[in-house]
Amino acid sequence: MVPMATLTVITNLKGAVTPDPARPWAVDFIEDAAIAAGGGKVLWTGPRAELPARFQDAGVVDGQGRWASPGFVDPHTHLLFGGDRSHEFNRRLHGVTYAQLAAEGGGIRETVRATRAATVPELVALGEERLRAYRRKGVLHLEAKTGYGLELEAESRLLEAYARLRSRGWSLDVTLMPAHDLPQEFAGDPDRYVAEVADSWQPELVRRHPGVASHCDVFVEKGVFTPAQGRAVLESGRRLGLKPRIHADEFCSTGGAELSAEVGAASADHLMFASDAGIRAMAQAGVVPTLLPATTLFLGMKDYAPARKMIAEGCRVALASDFNPGSCACIDPLLVLRLGCLQLRLTFEEAFTAMTLHPARSLGRADLGHLHPGASARVLLWDVKHPLDLVYWMGEAFLPAIVEPA
Ligand SMILES: [Zn+2]
């Protein structure tokens, strides 16, 4: 039992909107709601008139007539990197190709150089700035990858920075991703790099930073790593206790979705060109397809991921920001939610669930992404007539208040 002194009721809510963990795509809109919390957890959510008697004497938080929702969960970010590539963006608008920029040492190579040069305190400061931006917009938990170090010591500094961010109270899951790209030192020899990552770096990084990373990831794509190379990286990670995630089928179908099912990945991400067989395989294996529509928008591509087909096959789709310096300079959950509805053709209920419950599940977090008993009591309060306003008023920068009862 939670002592009465620590019980809190959030009341005077216009409503509460929450996915239901027991029903894959159902979202409840509870008008005139109340939420009872204790010990940092939701104990009860429902219509205020039905608040159980045991909460009548609890402390009260005034919801100010707003709509309560769970915090957004972002399951795919490249939170930590050094440098700034905004100058490159305008050069591309002026017609300079990515290949030209790369030949000049720009593109991802510029980010890798800047990340390798960054100290751990510098990385922590960058991370806090970005995490504050996410939080201000309602993302209360996110996944964050390494992968701009591409050498052992720089990847190790990224893990150290993530460990420090967590020790400062930021809620994040860390994914180890030294095989994000082929570093220049291994140009022309991806097999040698994959062997180095799988046999040497990943074991060493997990030994140095126990308990920091919970997942591993690899970029399976034409011109980057093959499915066989991806499998070697992920199987090495799994032997170290890391759950696989995969960057898959972003620019063409290379069998990434199929591989995610074969290795039992927690998620397969991007998937604009996932094959029908790959989609069926993900559905059967319970892989969460994680779609990144802001990246499609930022890259000016026309092919959004086939979300409707995935849902029809029984997949529990998630949406994520893919925040990174090259293909998605975006910390904006409402933009992702809106693209989910407007480009992926998800209903509001589907897009909302894909930004709360399903990403939380893909990260193994049953306590996040909903407001049912047992959920984290960190709650967003939106000053809107109805949650649909978050999508309908597509240019509005709604910012939620955040309530965190003890
Ligand atoms: Zn990514």
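Q: Two residues are in contact if their C-beta atoms, placed from the backbone, lie within 7 Å. With that in hand, how many residues of domain 1 are in contact with domain 2?

A: This is a predicted model, where local features need pLDDT of at least 70 and side-chain atom pairs count only at pLDDT 80 or more, while totals for chains, interfaces and linings use all residues. Residues are numbered from 1 along each chain as its sequence is written. Domain 1 covers 4-71 + 369-403, and domain 2 covers 72-362 (bounds from an automatic or database domain assignment). On the domain 1 side 18 residues are in contact, and they meet 22 residues of domain 2. Taken over C-alpha atoms, the two domain centres are 31 Å apart.

Q: Which elements give two or more residues to the side of domain 1 that touches domain 2?

A: Elements are DSSP runs numbered from the N terminus: helices (H or I, at least four residues) and strands (E, at least two). Here the ones to look for are β3 and α15 (389-392). The biggest giver is β3, with three residues. By class, that side of domain 1 has 14 nonpolar residues, three polar and one charged (nonpolar: Ala, Val, Leu, Ile, Met, Phe, Trp, Tyr, Cys and Pro; charged: Asp, Glu, Lys and Arg; polar: the others, Gly among them).

Q: Let's do sheets. In what order do the five strands of the mixed sheet run?

A: Strands of a sheet pair through backbone hydrogen bonds, either parallel or antiparallel. Walk across the open sheet and you pass β3-β2-β7-β16-β17, with mixed pairing (two strands pair if DSSP finds at least two bridges between them). At the edges you'll find β3 (23-31) and β17 (401-403), each pairing on one side only. From one strand to the next, the twist averages 25°. Zoom in on β7 (residues 67-70) and β16 (residues 379-382): they run antiparallel and are joined by four bridges. Trp67 has Trp382 of β16 as its bridge partner.

Q: And the eight-strand sheet: which strands stand at its edges?

A: Its order is β8-β9-β10-β11-β12-β13-β14-β15, an open sheet with parallel pairing. The edges belong to β8 (72-74) and β15 (318-319); each has a single partner strand, so one side of each has no neighbour in the sheet. Inside that order, β9 (residues 139-145) and β10 (residues 172-179) pair in the parallel sense over four bridges. Opposite Lys145 you'll see Thr175 in β10. Helix α6 (residues 190-208) packs on the sheet and touches β10 and β11 (213-220), its direction making about 145° with that of β10.

Q: Now helix pairs. At what angle do the axes of α4 and α5 cross?

A: Axes are lines fitted to C-alpha atoms, for helices over the stretch in contact, and angles run from 0 to 180 degrees between N-to-C directions. For α4 (residues 120-136) and α5 (residues 152-167), the axes come within 9 Å and cross at roughly 50°. The two helices are therefore oblique to each other (under 35 degrees is roughly parallel, over 145 roughly antiparallel, 65 to 115 roughly perpendicular, the rest oblique). Their crossing is right-handed (the near helix is turned clockwise from the far one by less than a right angle). Val120, Leu123, Val124, Gly127, Glu128 and Leu131 of α4 make the contact with Arg157, Leu158, Glu160, Ala161, Arg164 and Leu165 of α5.

Q: How far apart are the axes of α5 and α6?

A: They lie 10 Å apart, and the helices pack at an angle of about 35°. This crossing is right-handed. From α5 come Leu152, Glu155, Ser156 and Leu159, meeting Trp201, Glu204, Leu205 and Arg208 in α6. The classes here are four nonpolar, one polar and three charged.

Q: What about α6 and α7: at what angle do they pack?

A: About 5°, with the axes of α6 and α7 (residues 227-239) 9 Å apart. That makes α6 roughly parallel to α7. In α6, Pro190, Asp191, Val194, Val197, Ala198, Asp199 and Gln202 meet Gln229, Ala232, Val233, Ser236 and Gly237 in α7. Sorted by class, you get six nonpolar, four polar and two charged residues.
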